[in-house]
Amino acid sequence: MKGVPFNLGVIGKMKLFVFITICAFPHVITENPQSHRTLLPNVLVLDVDGTLSQHPLSCLEFPDELLRGPAENQDIVWKINEVEQVQRGNVHSIRLLESKGGGNYTCHSKDGSLLNYTEVLIRLVDTKRRRILVKTEKDYLKCSAQSYSGEFHCSWTWHSSRAVKVAFVKVHRASDENKTQCSTDASGRQWKCSSAESNFSCSLVDDGQSISCWDERHCPYAEEIQQIFITVHMRTKHYLLESYSKLFFLSEIVKPDKVRIGKVNKTVVQWSYPSSWNRPYSYFPLTFQVTQLKSQCKKCGNPCSDSNPSMTLTNDVTDICQFRVKSKAKAVCVRAKDAFCNSQWSEWSHLKFIEAKLKED
């Protein structure tokens with residue numbers, strides 16, 4: 001959130017330096033909420049259990065010095081979401097009830113100049129109810145990787161009745177949680193998390209419901225010893241915050257792209273490794289499943305989905321695989337997975353036989 005330019009008038013250069021430094025990080029007094037933490041500079045998260053409580057929020061750390069006396073402390077004006085409040089003074093008591101109390105808190109001098117601001121987000125604890133994301137396939141975050149390059153993607157599904165955005169993303173290796181430093185850019189759509197062991201960069205995809213991350217220090221040829229731990233913080237327009245996490249090895253989420261399938265002649269088809277898959281293929285072999293369909297399913301979006309694979313092949317020599325088709329086959333389906341790990345299969349590639357010709361889907 002961009003602040004309004006400061007107008008300090010007669011405050012000297014030394015006081016101006018102290019003033020700006022203090023205003024960059026609001027001073028918070030701990031009281032009733034179960035806990036509090038700073039998610040980002042000027043973004044405060046309060047953990048509440050739903051009962052009525054209060055939390056003091058300070059405008060300035062040294063108001064007597066900066067405002068030339070305690071009397072002028074009472075001239076500090078507070079606003080919540082740009083609505084002026086009755087409370088005056090350096091300390092404002094945030095009223096917390098159930099999930100209410102979050103908002104954009106700003107404090108101003110007597111002449112209206114902005115002194116400080118804090119975005120307060122509320123996180124409900126001691127509840128299993130999730131209000132922001134919908135669980136799909138037994139999880140809230142669905143993550144996959146096309147290869148072992150160190151890049152992966154995570155997606156989610158918003159609850160239909162919520163206006164939501166991503167507040168912050170933290171990703172690190174499992175052992176580096178307390179050693180990782182994360183930051184975001186001015187757009188709030190890109191994050192960097194660095195430690196001695198990893199250097200992750202994440203970007204929010206345009207639809208707002210997925211992110212792409214990449215560990216610049218990942219080596220695909222080395223054994224992956226530490227799992228990746230990702231946490232996505234979601235917030236609603238009513239300042240409710242929820243955090244969703246997932247822990248995984250790349251080998252657990254890797255899913256190759258579809259193979260490219262084509263014909264050699266009337267009886268032989270061939271396919272190749274996905275271009276996104278790691279090389280050399282002898283070090284990163286794929287296992288292929290092949291099935292032949294005796295009839296066409298005109299109303300099926302992908303007739304391979306309900307078929308039972310008739311053959312499993314592993315080719316660790318070349319990126320080209322060939323297969324002889326039975327004379328009565330109407331179509332051939334091929335998919336691939338990592339030969340060494342029990343990971344996901346790729347989507348099916350489909351090749352139809354139409355008027356003695358082969359047609360790829």
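What share of the 361 residues of the protein count as buried? In this predicted model, local features need pLDDT of at least 70 and side-chain atom pairs count only at pLDDT 80 or more, whereas totals for chains, interfaces and linings use all residues. Residues are numbered from 1 along each chain as its sequence is written, and side-chain values use heavy atoms, with hydrogens and water left out.

Of the 361 residues, 45% count as buried (under 20% relative accessible area, with exposed over 50% and partly exposed in between; 1.4 Å probe, protein chains only). The protein has 3 helices and 25 strands (DSSP runs, H or I of at least four residues and E of at least two, respectively, numbered from the N terminus).

Phenylalanine 152 is in contact (heavy atoms within 4.5 Å) with residues including Val171, Phe200 and Ile230.

The whole structure contains 8 salt bridges (a side-chain nitrogen of Lys or Arg within 4 Å of a carboxyl oxygen of Asp or Glu). One joins glutamate 119 and arginine 235 at 2.5 Å, N to O. This pair links strand 8 (residues 114–124) with strand 16 (residues 228–236), the two residues being 116 residues apart. Glutamate 119 counts as buried at 18% relative accessibility, as does arginine 235 at 8%.

Conventions. Lists of a residue's contacts leave out its neighbours within four places in sequence.
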